[in-house]
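This report goes through selected side-chain contacts, one group at a time. Please keep the sequence and the structure at hand while reading.

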Amino acid sequence: MLQRPTGTLLPEPSHPKEASVPLSRNGPAQYAKEVFAAEPAVIDPQLSEAVSLGTTILAVSYKDGVILAADSRTSSGSYVVNRTSNKLTKLTKNVYCCRSGSAADTQALAERVSNYLEGYEVSIDKPVNVATAANLFQKMCYANKWNISAGIIVAGYDSLNGGSVYSIPSGGSCVKLDYALGGSGSIFLYSFFDANYKPGMTKEECVRFCQTAVAHAYSRDGSSGGLIRTICLSAGEPEDITVPWTKTPYCMEKDPKYAQQAVVNPVFSSSAKITENKVSSTA
């Protein structure tokens, strides 16, 4: 009879620890992990990672309002679990937020803030200000800064302040800015914004600027990709513009500058031969 080789059976999860063992009180999730601790062989490192919005999000104010933009890739470890996710979440008619960090945490935060603002608008009988939504996010993020992973950008238009952009990074601070960047792709965009951002842009200029910025992040950040989603918020109705990845305004592979570098510095292979300072390859 065939027998399974020794050492290939996964052990059963451990039984609850004795009551005498002190347990941390850092919330029910951590408590459950300590009480029902699994053996190391049972845990799959990929599956144990939280679904993350390794992402590129940004919001930019222009002359008549604000524009929010984001990619659409959601990843879990090295897996892309969703290529067309929507990271621009509606809070009220003219207030939206961009989400980065843990997908579960940011969705829960956005739903809670949206529900609160909906009831608040009914009670005051007028649209809420963008600052109100930003302060709600700030209070929740700060109160739970050790338990959640969330970076939020709140942007919108109201009759009091016009177009406004607020950045609420992980930790719970809240800062009003002309533009805000977030996610893993943002580290590649600060120099791009320093060189190309202009206050008081028109709507068309700002849309093009935001879409080009997200496309530049695609070229450098492996956790960003998919569609480019943009929302234009002003005194009128919100306008949703989605660009497929095949029509992005920038692509590194098609950039003449990098094409010229590829000619000057060709890729070496195992079959490459150097003759009179020239490289030829039979591969």
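## Salt bridges

A salt bridge is taken here as a side-chain nitrogen of Lys or Arg within 4 Å of a carboxyl oxygen of Asp or Glu. The model is predicted, and a search of the whole structure finds 3 salt bridges. Asp71 and Lys87 form one of them, with their closest N and O atoms 3.0 Å apart. This pair links distant parts of the chain, 16 residues apart: Asp71 is in the loop between strand 2 and strand 3 (74-76), and Lys87 is in the loop between strand 4 (79-82) and strand 5. Both Asp71 and Lys87 are buried.

Glu237 and Lys93 also meet through their side chains in a salt bridge, at 3.0 Å from N to O. Here the partners are 144 residues apart, with Glu237 in the loop between strand 11 and strand 12 (239-243) and Lys93 in the loop between strand 5 and strand 6. Glu237 counts as exposed because its relative accessibility is 57%, while Lys93 is partly exposed at 43%. A salt bridge of 2.2 Å, N to O, joins the side chains of Glu239 and Lys203. Glu239 belongs to strand 12 and Lys203 to helix 6, so this pair ties together parts that are 36 residues apart in sequence. Glu239 is partly exposed, with a relative accessible area of 30%, and Lys203 is partly exposed with a value of 30%.

Thr55 carries the annotation "active site" in an unreviewed UniProt entry. The residue sits in the loop between helix 2 (45-48) and strand 1, and it is buried because its relative accessible area is 0%.

The side chains of Thr55 and Asp71 are joined by a polar contact of 2.6 Å. Neighbours within four places in sequence aside, Thr55 is in contact with residues including Asp71, Lys87, Arg99, Gly182, Ser184 and Asp221.

## Nonpolar cores

The largest nonpolar core has 25 residues, of which Leu58, Val60, Phe193, Phe209 and Cys210 touch the most other members. Strand 1 (57-62), strand 2 (65-70), helix 5, helix 6 (203-220) and strand 11 (228-233) each supply at least two residues. Helix 6 gives the largest share, 9 residues. Apart from this core lies another, of 20 residues, including Leu91, Ala133, Phe137 and Ile168.

Phe193 is buried, with a relative accessible area of 1%.

## Aromatic pairs

The structure holds 7 aromatic pairs. The ring centres of Tyr116 and Tyr120 are 6.3 Å apart and the planes are at 20°, so the pair is stacked. Tyr116 and Tyr120 are separated by about one helical turn because they are 4 residues apart in helix 3 (residues 103-124). Tyr116 is partly exposed at 47% relative accessibility, and Tyr120 is partly exposed at 32%.

Tyr179 and Phe193 form a tilted pair, 4.7 Å centre to centre with 40° between the planes. Tyr179 is in strand 10 (residues 179-182) and Phe193 in helix 5 (residues 190-196), 14 residues apart. Tyr179 counts as partly exposed at 21% relative accessibility. Ring pairs link Tyr179, Phe192, Phe193, Tyr197 and Phe209 into a cluster.

Key. Residues numbered from 1 in each chain as written. Predicted model: local features only at pLDDT ≥ 70, side-chain atom pairs only at ≥ 80, totals over all residues. Heavy atoms only, no water. Phe/Tyr/Trp six-rings, centres within 6.5 Å; stacked < 30°, edge-to-face > 60°. Buried < 20%, exposed > 50% of the residue type's maximum accessible area, 1.4 Å probe, protein only. Core = buried A, V, L, I, M, F, W, Y, C linked by side-chain atoms within 4.5 Å. UniProt positions renumbered as here; feature names shortened; annotations may be inferred. Contact = heavy atoms within 4.5 Å. Polar contact = N/O pair within 3.5 Å; in protein donor to acceptor, adjacent residues only side chain to side chain.
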